[in-house]
Amino acid sequence: MREPPPVTSAFVVFDAQDSGCLSYGVEAQGHRLFVKRAATSAGRVSLVRAAQLHAAVKHPAIVRPERILSGPDGLTLVYPWRDGRVLNQATVDGPDRSALADFQRLPVSDVEAALDAILDAHLAVAATGFVAVDLYDGCFLYDFRTRQMQLIDLDEYRPGPFILDADRLPGSRRYMAPEEFVRGAVIDQRTTVYALGRTVHHLLDSPTGWRGTAAQRAVADRATRASVADRYSDVAALARAWRLAVLA
């Protein structure tokens, strides 16, 4: 494949996203693909970051592109199509969290397995020196038929640690650590720990209240402390604490 499949051949188009990218699904020779290309200058930068991440990180829960194509408008990333529902479908018209509501009604054991997949994927991310940026429930693609969690749209992940040279990082305030709003702050694995702690909190929560154990809540609470020094020191420490809490 030298040229990306045209959007005119798409069986579905995601053109109301707020990411600065145009995404669509196509079928080529009986093989379904998800194509993502930049629609803005910010989108072009994000896709370069995504290509760098996928060149470094391989994990079964992270959907990686099959092809990365370069053209006059920047990179086009061609992914294998994955069935499932995004837990938060963020668009220019607002979020659709209907899939999250359905996810929060699953048996707790299924939620624990999904969280373990997310944490294990971030062990692989951390091992390469990358830190999570813009991680939120819009990155979680869940197949309710197979009970499989996949991670998508990790386009803002960056090598770390790094110094924040803007007034804030991109992302959902529901998942972002305090330092992500402070120019000159250090962004490192403890920032990733915060986002993962918020992930544990949101996915084990529900409209009727917390569904996890007290030990699991304690893990989420420590991961999301305002002071970086009071959190788990890295993703590996958080993953160990989580797995002990599941067994408790």
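**Entry 1: helix α1.** I started with α1, residues 41–56, in this predicted model. The helix has 16 residues. From first C-alpha to last I read 24 Å, close to the 22 Å expected at 1.5 Å a residue.

**Entry 2: its two sides.** Which residues of α1 are buried? I listed G43, S46, L47, A50, A51, L53 and H54. They lie on the same side of α1, because they cover an arc of only 165° around the axis. I recalled the rule behind such patterns: an α-helix has 3.6 residues a turn, so residues three or four places apart point the same way. On the other side of α1 I found S41 and A55 exposed.

**Entry 3: the cover.** Next I asked what covers the buried residues of α1. The cover includes the strands β2 (21–28), β3 (31–38), β4 (67–71), β5 (74–80) and β9 (130–131).

**Entry 4: the largest core.** I moved on to the largest nonpolar core, which has 48 residues. L87, F103, F140, M149 and L203 touch the most other members. Several elements each supply at least two residues, among them α2 (98–103), β10 (140–143), β11 (148–151) and α4 (189–204). Which element gives the largest share? I noted α3, with nine residues.

**Entry 5: L203.** I picked L203 and set aside its neighbours within four places in sequence. L203 is in contact with L87, L100, F103, Q104, V111, L115, I118, F140 and M149.

Entry 6: I had already listed A51 among the buried residues of α1.

Note on methods. Residues are numbered from 1 along each chain as its sequence is written. This is a predicted model: local features need pLDDT of at least 70, side-chain atom pairs count only at pLDDT 80 or more; totals for chains, interfaces and linings use all residues. Side-chain values use heavy atoms; hydrogens and water are left out. Helices (H or I, at least four residues) and strands (E, at least two) are DSSP runs, numbered from the N terminus. The expected span of a helix is 1.5 Å times one less than its number of residues. Buried means under 20% relative accessible area, exposed over 50%, partly exposed in between (1.4 Å probe, protein chains only). The arc is that of the directions from the helix axis to the C-beta atoms. Contact means heavy atoms within 4.5 Å. A nonpolar core is a set of buried Ala, Val, Leu, Ile, Met, Phe, Trp, Tyr and Cys residues joined through side-chain atoms within 4.5 Å.
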